[in-house]
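Please keep the sequence and the three-dimensional view at hand while reading.

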Amino acid sequence: MPRKGRKFELDYKWLYNSNNRKYKVTSPAMLYDKVTGEKREVDILVEYLDGSGLNRKIGIECRDRKEVENSMWIEQLTIKKEDLELDSIIATTTRTFTKNAIKKAEAHGVIIERAETFDEKSLNKLSKDLYLDIFFLKFEFTKLFFIRKDRLCNFKDLLKGLNFIEQNELISELKGPLYYSLNPHKVLDNFGFSMEDFYKNNKNNIVFSSRLNNDNNLPIIFKKLDITFIYYEILATPLKVTYPVNKQISVFTVKQNQNKKFKVRYGSDEEYFECGYIDDGKIQNTLKLKDRKYYRYVGMNMCINTIFPKGYEVSVKEDTINVQMLGEISFEKII
């Protein structure tokens, strides 16, 4: 059974892992004591390279107790920092510190922090106000007709008249360039839908059509297959996935009571969005989504805890997500 307070340590580790390119985080860590020559445990060890390329070590000691922390703990950590040759040591608690503990910390260079942690259970009331919506569109052909050698045919009939290589070339064109040319935002705009209205439920849908012929830049592959005309109808069906807050940690300076670290996760371990910052205020974010074969990523809408410093915005590289989440177009209704 995990020892009391271990969950708090793991929350802190999770916080620093928000910037794992900069920090190497170990919890717990064992370091040699220069006085005794034995190994001693540190709740969390954070290592990073400074501007000169030197490896720096921060020791973090965590306490999740009912009692207010006094100066005795700070004295112990002052000696621990020296004996373990740490560059700095942080004392963090879910409660607070006595006035004498604060004075001791200031005098001996111990960083003191107060933290608040939340999980899914404790955030039940807040989760309705703090959420992340991710929007997808499923595109599927409902009609697909061609004119080949002056003969009108549907998709199945056309495939019967092509050899194996030609079939693959045709399907690759339909799944590739033609599908990629469908811009979800333009589709919604053309039908006068706002994102908010269209995704109120997953029952809205749009059917749109287009035709291509020799007069409007018919792709080369179609010309190669003697196809002179294409007509298609596509059904666009929405999918909105809502992620509640799963867990969160906020860290405050003790005297000024100002936020200095923050991280929040929406979703679960299998599918989530995480965002947060450590000290320098630079927002870090990570998005992990399940594979939805026939769904195109469209966008997201977040209502994030107001703990974020005023003026900061969470910037997500949606161009990258769009490339990763292109999905496929469905042929189920025409095959």
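Lysine 247 lies over the face of tryptophan 14, at 4.5 Å from the ring centre. A charge is said to sit over a ring if NZ of Lys or CZ of Arg is within 6 Å of the ring centre and within 35 degrees of the ring normal. Lysine 22 is likewise placed over the face of tyrosine 48, at 5.7 Å from the centre of the ring. The model is predicted: local features need pLDDT of at least 70, side-chain atom pairs count only at pLDDT 80 or more, and totals for chains, interfaces and linings use all residues. Residues are numbered from 1 along each chain as its sequence is written, and side-chain values use heavy atoms, with hydrogens and water left out.

Tryptophan 14 belongs to the buried set of helix α1, which also includes Arg6, Phe8, Glu9, Asp11, Tyr12, Leu15 and Tyr16. Helices (H or I, at least four residues) and strands (E, at least two) are DSSP runs, numbered from the N terminus. Buried means under 20% relative accessible area, exposed over 50%, and partly exposed in between (1.4 Å probe, protein chains only). Helix α1 spans residues 6-16, and because eight of its 11 residues are buried, this helix is largely enclosed by the rest of the structure.

Rings of Phe, Tyr and Trp (its six-membered ring) pair if their centres lie within 6.5 Å; planes under 30 degrees apart count as stacked, over 60 as edge-to-face and the rest as tilted. The structure holds 16 aromatic pairs. One of them, formed by phenylalanine 141 and tyrosine 232, is edge-to-face, with 6.1 Å centre to centre and 80° between the planes. Phenylalanine 141 lies in strand β8 (residues 131-148) and tyrosine 232 in strand β11 (residues 227-253), so this pair ties together parts that are 91 residues apart in sequence. Phenylalanine 141 is buried at 0% relative accessibility, and tyrosine 232 is buried at 7%.

A lysine may be buried too: lysine 261, in strand β12 (residues 259-267), has a relative accessible area of 1%. Leaving aside neighbours within four places in sequence, lysine 261 is in contact (heavy atoms within 4.5 Å) with residues including Leu15, Tyr16, Glu113 and Asp279.

How do two helices pack against each other? Helix α2 and helix α3 (residues 99-108) meet at an angle of about 20°, with their axes 8 Å apart. The angle makes α2 roughly parallel to α3, a term for angles under 35 degrees, while those over 145 count as roughly antiparallel, 65 to 115 as roughly perpendicular and the rest as oblique. Axes are lines fitted to C-alpha atoms, for helices over the stretch in contact, and angles run from 0 to 180 degrees between N-to-C directions. Ser71, Ile74, Glu75 and Thr78 in α2 meet Asn100, Ala101, Lys104, Ala105 and His108 in α3.

The backbone comes last. Most residues other than glycine have a negative phi, and most peptide bonds are trans. Glutamate 85 has a positive phi, near 55°; this residue lies in the loop between α2 (71-83) and β6 (88-93) and is exposed, at 55% relative accessible area. Aspartate 226 has a positive phi near 65° and is partly exposed, at 38%. A cis peptide bond, with omega about -10°, joins serine 27 and proline 28, and proline 28 is in the loop between β1 (24-26) and β2 (29-32).
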